[in-house]
Structures are given as C-alpha cells and as structure tokens.
Amino acid sequence: MSKNIVPHHYKISAEDRRAIKKHNSFLIWFTGLSGSGKSTIANAVEQELFKKGIHTYSLDGDNIRKGINNDLSFSPEDRTENIRRIAEVANLMIDAGIVTLAAFVSPYKKDRQNIKSVVKDINFVEVYVNTSVEECERRDVKGLYAKARKGEIKNMTGISAPYEAPENPDIEIKTETENIEQAVKRIMDFITPKLELNNE
C-alpha cells in the first residue's frame, strides 16, 4: 500500500500559515496522573494565549476518546496507539499553524519520546503536572480512583498500572504547592519566546 502513496506537494507551507497568523505553532504536552490538574492548567493557558490573539486548539480525552480513538481500550498496547494517533493529529495542527495543547496521562516514556519524534523536538514542550497519587485520589474529580479501588476499572494509572514520570520535562508543575495562576505564568514565560516567528 505505502509504495502507492505519492505525497502531493501543496503550494502553501507551514511557514506560510504561521506567517499569516503572525506566530509560531508547536505542541504543549501536559502529562500527569488522572486528576493531577492537566486539563485545568491547559485550559487556563489556552485562555491566556487566546487573549493574546494566538490561534490554539486543545486535545484531550473527551474530544479524542469519543471520536478518532473510540475504538481503543486502556490496555498498554491501546494506550500506546492512543498517544501515537494524538501525536499525528497534533502534527497536522502544527502544520496548520496552530498552537496545540494536549492533556493526556501518557504514562509511558517511550510513547512521549515518540511524540517528540513525530512533531520534532523544536515543536514539543513537555509540561509535567506533578501531583501525588494520594492527592489525585483525594480529589477524584471523575470518581475513577474509587472505581479502580473496587476493581471496576482495570489498568488504572497510579493504582494498577504504572506511571513513568518525565526525567527532564521543560516545565514541572507541583500542584500541591503551586496554584493555577503561578503555573500558567511559568508556562507562559517559557513559551512566549517560542511564539516569535524569528525564533523558529
């Protein structure tokens, strides 16, 4: 099949799309346990970017698991495929000139490394939302930990499945000692230079 795929060379490039938007495009990847605050922080960062006129889009479990990845389970193999597909979607978004925010548990280092290889290092910002499993379980905003403790959910990261924490994330947010405003400011300070077209 692949030998019959011949890419069409379009006249409008990623650089052209970035130029018309007047900012760079890249992926901000939020990783951490369920309930760590990934989506909350990503949402707050997107709002700040929107205020600045930055074109954005957020990817999370709701708009991915219910659509493009609704055929996948939470087995280790399907988790890897889930992240692979998200990386490819994010890569298209970057090509479209959009700053993309992705909030996923993404528990395996090899999968997060694969994201980098798909979108390229220069287009990847890793944000580790570091919240202890005890705190995540205390919050349990979706009731997942309670179900996992009852055996109703298999392969629950932090309970019955591992989480491999990033060793050298671009930004580490410790939500038990840092509030949302502080987290957003640190992320914005880090990504603002990357938005400049001359820093591509």
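Predicted model: local features only at pLDDT ≥ 70, side-chain atom pairs only at ≥ 80, totals over all residues.
**Exercise 1. Describe the surroundings of L33.**

Solution. Begin with the location: L33 belongs to the loop between β1 and α2. Next, take the accessibility: the relative accessible area of L33 is 9%. Since buried means under 20%, L33 is buried. Then list the contacts, leaving out residues up to four places away in sequence: L33 touches K38, V105, T131, S132, V133, C136, Y145, T157, G158 and Y163. Finally, consider P107: this residue is 74 residues from L33 along the chain, and the C-alpha atoms of the two are separated by 7.9 Å.

**Exercise 2. Find the aromatic pairs and classify each one.**

Solution. The count comes to two aromatic pairs. For W29 and F104, the ring centres are 5.6 Å apart and the planes meet at 25 degrees. Planes under 30 degrees apart count as stacked, so the pair of W29 and F104 is stacked. W29 lies in strand β1, while F104 lies in the loop between β3 and α5 (109-119); the pair therefore ties together parts 75 residues apart in sequence. Both partners are then checked for burial: W29 is buried at a relative accessible area of 0%, and F104 is buried at 6%.

For Y128 and Y163, the ring centres are 6.1 Å apart and the planes again meet at 25 degrees, so this pair is stacked. The pair links distant parts of the chain, with Y128 in strand β4 and Y163 in the loop between α7 (144-149) and β5, 35 residues apart. Y128 is buried, with a relative accessible area of 10%. Y163 also counts as buried, at 19% relative accessibility.

**Exercise 3. Identify the elements that build the largest nonpolar core.**

Solution. Start with the members: the core has 23 residues, and those touching the most other members are I28, F30, V45, L49, V127, I187 and I191. Then assign elements: two or more residues each come from β1 (27-31), α2 (38-51), β3 (99-103), β4 (124-130), β5 (171-174) and α8 (180-195). Helix α8 gives the largest share, six residues. As an example of one member, I28 touches L49, V99, T100, L101, A102, V125, V127 and I191, not counting residues up to four places away in sequence. Another core lies apart from this one; it has 18 residues, including A87, M93, I94 and F104.

**Exercise 4. Characterise the largest pocket by volume and lining.**

Solution. The volume of the largest pocket is about 900 Å³. Its lining consists of 35 residues, and S34, K38, V105, K142 and L144 lie nearest the centre. Elements giving two or more residues to this lining are α2, α3 (61-65) and α4 (76-95). The largest share of the lining, four residues, is from α2. Sorted by kind, the lining holds twelve nonpolar, 13 polar and ten charged residues.

Definitions and conventions:
Residues numbered from 1 in each chain as written. Heavy atoms only, no water. Core = buried A, V, L, I, M, F, W, Y, C linked by side-chain atoms within 4.5 Å. Buried < 20%, exposed > 50% of the residue type's maximum accessible area, 1.4 Å probe, protein only. Contact = heavy atoms within 4.5 Å. 1 Å grid on protein atoms, 1.4 Å probe; cavity = no way out; pocket = protein on both sides within 12 Å on 5 of 7 lines; lining within 4 Å. Points joined across faces, edges and corners; volume = space filled by probe spheres on them. Nonpolar A, V, L, I, M, F, W, Y, C, P; charged D, E, K, R; others polar. Phe/Tyr/Trp six-rings, centres within 6.5 Å; stacked < 30°, edge-to-face > 60°.
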